[in-house]
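I set out to record what I looked up in this structure, entry by entry.

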Amino acid sequence: MPEGDTVWRAARELNAALAGETITRCDIRVPKFATTDFSGRTVSGVVSRGKHLLIRIDPVDVAPVDEHAPGRAASGPEDGWLLHSHLKMEGLWHVYDRGQRWRRPAFKARCILETATKQVVGFDLGFLRVLPQAEEDDAVGYLGPDLLGPDWDAAEALRRIESVPERPIGLALLDQRNLAGIGNVYRCEVCFLAGVHPLTPVAQVSNLPRIVDLSKRLLEANKLRSRRITTGNMRGDPLWVYNRETRGCLRCGTKVLHELVGDNALELRDLYYCPHCQPLPAT
């Protein structure tokens, strides 16, 4: 399941393949942007922002205006562009050598970028759009501090979480406006490690700074791993409670409970917790 660590790795791999390279082929298989062609342009870089991935395309210089030719466009460089994607539940980006066989069927491809030596393909992307670089802040500026980004600010993340004290901590952690990068697996595992029931109101959580710190440390620890691990066990069970409703809590063996929880019926997500290790506080 793509979370902030998965997207960070994808951005790192794409940046290694594309940054500074000229695009020789561009095929965007989204109807609204199907005629977009970045061939001949240079990729300035690829970055992640929480669960969002941004491919930055360099601007192309515009010829100076002839002031004696009315109707010509204004002089100056054209804005660069962004390919903005979100993996949602099943999306992924692959990097191939030119001519290498794809590991996913072609009908699942939503974006293909080629350079002289590489081919980058986005499969099953939940979201893909093209926009001017000048609109980047409008696209992702609402996100909270990025757990794996240069803007990480634990105090600001804590302030945002505490701003809605009645909200369950499990929902607050999943809200990308509070801190960007946590998905459902980390939400469940962080609450377990902190010994906090995920439906505890934020105002009743006594160790919020530790929860924010755990979130940062878990994503940092896993960003270079292909297997997500929160138990510290590299060879055994990697997770404490997530998806363990049929096996029990890894610490105490108590039956792990599973619920669907969200801010509304359209945002319900799987929630796993151990009722023994994470008791709900008395009201």
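I took buried to mean under 20% relative accessible area, exposed to mean over 50%, and partly exposed to mean in between, with a 1.4 Å probe and protein chains only. The model is a predicted one, in which local features need pLDDT of at least 70 and side-chain atom pairs count only at pLDDT 80 or more, while totals for chains, interfaces and linings use all residues. Residues are numbered from 1 along each chain as its sequence is written, and side-chain values use heavy atoms, leaving out hydrogens and water.

**Entry 1. Salt bridges**

I counted as a salt bridge any side-chain nitrogen of Lys or Arg within 4 Å of a carboxyl oxygen of Asp or Glu. My search of the whole structure returned 18 salt bridges.

I looked up Glu220 and found it partly exposed, at a relative accessible area of 28%. Its salt-bridge partner is Lys223, with the closest N and O atoms 2.9 Å apart. Lys223 is buried, at 18%.

I then noted a network in which salt bridges that share partners join Arg25, Asp27, Arg29, Arg98 and Glu114.

Asp175 and Arg177 also meet through their side chains in a salt bridge, at 2.8 Å from N to O. Asp175 counts as buried at 9% relative accessibility, whereas Arg177 counts as partly exposed at 47%.

Which residue forms a salt bridge with Lys108? I found Asp124, the closest N and O atoms being 3.6 Å apart. Lys108 lies in the loop between β5 (92-97) and β6 (109-114), and Asp124 in the loop between β7 (118-123) and β8, so the pair ties together parts 16 residues apart in sequence. Both count as partly exposed, Lys108 at 25% relative accessibility and Asp124 at 22%.

**Entry 2. The sheet**

Helices (H or I, at least four residues) and strands (E, at least two) are DSSP runs, numbered from the N terminus. I took two strands as paired if DSSP finds at least two bridges between them.

I found an open sheet of four strands in the order β2-β3-β4-β8, with antiparallel pairing. The edges are β2 (43-49) and β8 (127-132); each has a single partner strand, so one side of each is left without a neighbour in the sheet.

I recorded six bridges joining β2 to β3 (residues 52-57), the two running antiparallel. Ser48 stands opposite Leu53 in β3.

Helix α1 (residues 4-18) packs on the sheet and touches β2 and β3, contact meaning heavy atoms within 4.5 Å.

Notes: Axes fitted to C-alpha atoms, helices over the stretch in contact; angles between N-to-C directions.
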